[in-house]
Amino acid sequence: MEYRIPHYFNDFQCVAAECKDTCCAGWAIMIDEKSLEKYKNLEGPFGNRLRNSINWEEGSFQQYERRCAFLNEQNLCDIHMEAGEHMLCDTCRDYPRHKEEYEGLREGSLSLSCIEAAKIILGCKEPVQFISFEDEEEDEEFEDFDYLLFTKLMDAREKMIWLLQKRDVDIMIRISMVLDLAQKMQDALDADEVFQMDELIENFGNMDQLIEFQKDAESHPIGENEYCSTMRKIFRIFNKLEVLKADWPEYVKKAEFALYGEGQSVYEENRQRFHKSIGLKSNCYEIWSCWLEQMMVYFVFTYFCGAVYDDNIIGKMQTAVVSVLLTQELSIAKWIEQKEHLDFDGFVDIAHRVSREIEHSDLNLNRVEKICAKTPFFQSEQLKRILTRF
Ligand code: SF4
């Protein structure tokens, strides 16, 4: 079996009781079959507590006030403490390590929703490298696995990550260009022209294309008012999602008011001041663009090739772009709220919250993809106009 991981994968260490954001609070933890079997057979009083605290129909731990039934007052796990690490279910043992399985390949990543992992992902100053290795484990055969499409997705992803890390190109142009390639690949797939993808990938990101893309972006600028009203509509996607953390709706409401509550011209003034102070047009451009780059590379590496299972290439990229845009909006809101101040920890906090709400519910991930597919302002042409307006 072949494996691939980002170079920082093994740097993660859980800070357990020190963590200000315990991961077992907020979402239902699904238990794998093997662990359910172990829990069924565990003897003694703790075995009884375990069996009484599982939702056997769902195969998940019960929650009290949105906290896992085994998360104690010190924010430590009672299963770990009372029964030992070997009794943790796969989800708890692995988190925030995330696995994606393909035929002959297993990819690992750290999840941005864990605040300590987010510090590693977003704090990485150099372009991320991906490490491959093999072991003796037999490759698993996947029924109906479209190996041809998979190889094209892998080739495209490699090129996308290469471009996202091309730091002499403006970060928003880099993001727009990978969105554009994803759209063209989707069009080729829908037209049953998978072989056309080779040419798209081959030419992607060459100098002529870069210049052409930049010119094109400048010729269809989005106006100030349209930008504000579109971003506000995009922002409202949060209201259509399942809530994972109890304080999230209030957090979003406050941010929405800080951003759009005083009308379009105040929004635009704040946005410009933010970018001139710490964002895209500031002396801190290198830092800000690096955070956005690491976020995009994270999403593209983790999810893009998953399109081999559902043919939704563009949906994966729209979700990535929308997550980055929303993180940027929430950053502006936080910067306003904190009297024009936002540091790395503040940005990490926002990014991990967004990731937690969007990524840690299959329902939400599917919902975002569906909303993106049918709503005009999420279409790639419109997102490109949003991305390329400073
Ligand atoms: S969120 Fe991350 S650091 Fe915090 S307890 Fe969970 S795994 Fe550990």
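Helices α16 (residues 344-359) and α17 (residues 362-374) pack at an angle of about 90 degrees, with their axes 6 Å apart. The two helices are therefore roughly perpendicular to each other; angles of 65 to 115 degrees count as such, those under 35 as roughly parallel, those over 145 as roughly antiparallel and the rest as oblique. Axes are lines fitted to C-alpha atoms, for helices over the stretch in contact, and angles run from 0 to 180 degrees between N-to-C directions. Helices (DSSP runs of H or I, at least four residues) and strands (runs of E, at least two) are numbered from the N terminus. The model is predicted: local features need pLDDT of at least 70, side-chain atom pairs count only at pLDDT 80 or more, and totals for chains, interfaces and linings use all residues. Residues are numbered from 1 along each chain as its sequence is written, and side-chain values use heavy atoms, with hydrogens and water left out.

E357, I358 and E359 of α16 meet N364, L365 and V368 of α17 (contact means heavy atoms within 4.5 Å). These residues divide into 3 nonpolar, 1 polar and 2 charged. Ala, Val, Leu, Ile, Met, Phe, Trp, Tyr, Cys and Pro count as nonpolar, Asp, Glu, Lys and Arg as charged, and the others, Gly among them, as polar.

Helix α12 (residues 264-277) packs on α15 (residues 313-337) at about 90 degrees, with the axes 10 Å apart. α12 and α15 are therefore roughly perpendicular. On the α12 side, the contact uses Y267, N270, R271, R273, F274, H275 and S277; α15 supplies Q328, E329, S331, I332, W335 and I336. The contact of α12 with α15 holds 5 nonpolar, 5 polar and 3 charged residues.

Helices α7 (residues 171-190) and α18 (residues 380-388) pack at an angle of about 170 degrees, their axes 9 Å apart. This makes α7 roughly antiparallel to α18. M172, I173, I175, S176, L179, D180 and Q183 in α7 meet S380, L383, K384, L387 and T388 in α18. By class, the contact of α7 with α18 has 6 nonpolar, 4 polar and 2 charged residues. In the loop between α7 and α8 (197-203) lies D192. D192 has a positive phi of about 60 degrees although it is not a glycine.

The ligand is surrounded by F12, C14, V15, C19, D21, C23, Y95, P96, C114 and E116, each with a heavy atom within 4 Å of it. This shell has 8 nonpolar, no polar and 2 charged residues. A cis peptide bond joins Y95 and P96, with omega about 10 degrees. P96 lies in the loop between α4 (90-94) and β6 (97-102).
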